[in-house]
Amino acid sequence: MAQLLILEFPDPRLRTRASAVNPAWLHEPATQRLIDDMFETMYEAPGIGLAASQVDVHRRFMVIDVSEEKDQPLVFVNPVITARSGEQIYQEGCLSVPGIFADVARAERITVTALDRSGSAFELQTDGLLAVCIQHEIDHLEGKLFVDYLSPLKREMVRKKLAKQRKQTDAA
Ligand code: NI
């Protein structure tokens, strides 16, 4: 396995709308390796979700594990939210926007349909953190980031803070 490079805001590649996955593509060994590498990259970061878009692969799939023990890996391929209800506000972060956290309002409860990593269709009804994470990762596949929900002024502050962080890292 290998760790992958995670694109960071405001990299324009994060704005790419991902294209649908052809199920046959899942049967290629290189695709399965890529999924394993995405899990390794997410666990190492550490994070609870990673969309393919974030590692510059513009196909509609993502990996998630919101469990404490990091033993419940989930893969969503071509995910579609078919029902949503309620509202919850959660302080979100993102591996592509390191060190920044902000409140975002999303649906409390969702139903999502997707394929798993072997290409089998499933439907999941969920709420709480997993529902937040799924909505956040699907946004990535649309080229959308959680900072897009902030005011333009706040988003500009985030961009400057990240640029400053990067400068310090480069200098170190
Ligand atoms: Ni993210």
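Reader: In which helix do Glu-156 and Arg-159 lie?

Author: Both lie in helix H3, residues 152–171, three residues apart, about one turn of the helix. Helices here are DSSP runs (H or I) of at least four residues and strands are runs (E) of at least two, numbered from the N terminus. This is a predicted model, in which local features need pLDDT of at least 70, side-chain atom pairs count only at pLDDT 80 or more, and totals for chains, interfaces and linings use all residues. Residues are numbered from 1 along each chain as its sequence is written, and side-chain values use heavy atoms, with hydrogens and water left out.

Reader: What does Glu-156 form with Arg-159?

Author: A salt bridge, with the closest N and O atoms 2.7 Å apart. The term means a side-chain nitrogen of Lys or Arg within 4 Å of a carboxyl oxygen of Asp or Glu.

Reader: How many salt bridges does the structure hold?

Author: It holds eleven. Among them, Arg-13 meets Asp-11 at 2.7 Å, N to O, and Asp-56 pairs with Arg-13 at 3.3 Å. The Asp-56 pair ties together parts 43 residues apart in sequence, because Asp-56 lies in the loop between strands S1 (49–51) and S2 (61–64) and Arg-13 in the segment before helix H1 (29–44).

Reader: Is Asp-11 buried or exposed?

Author: Asp-11 is buried, at 17% relative accessible area. Buried means under 20%, exposed over 50%, and partly exposed in between (1.4 Å probe, protein chains only). Arg-13 is partly exposed at 39%.
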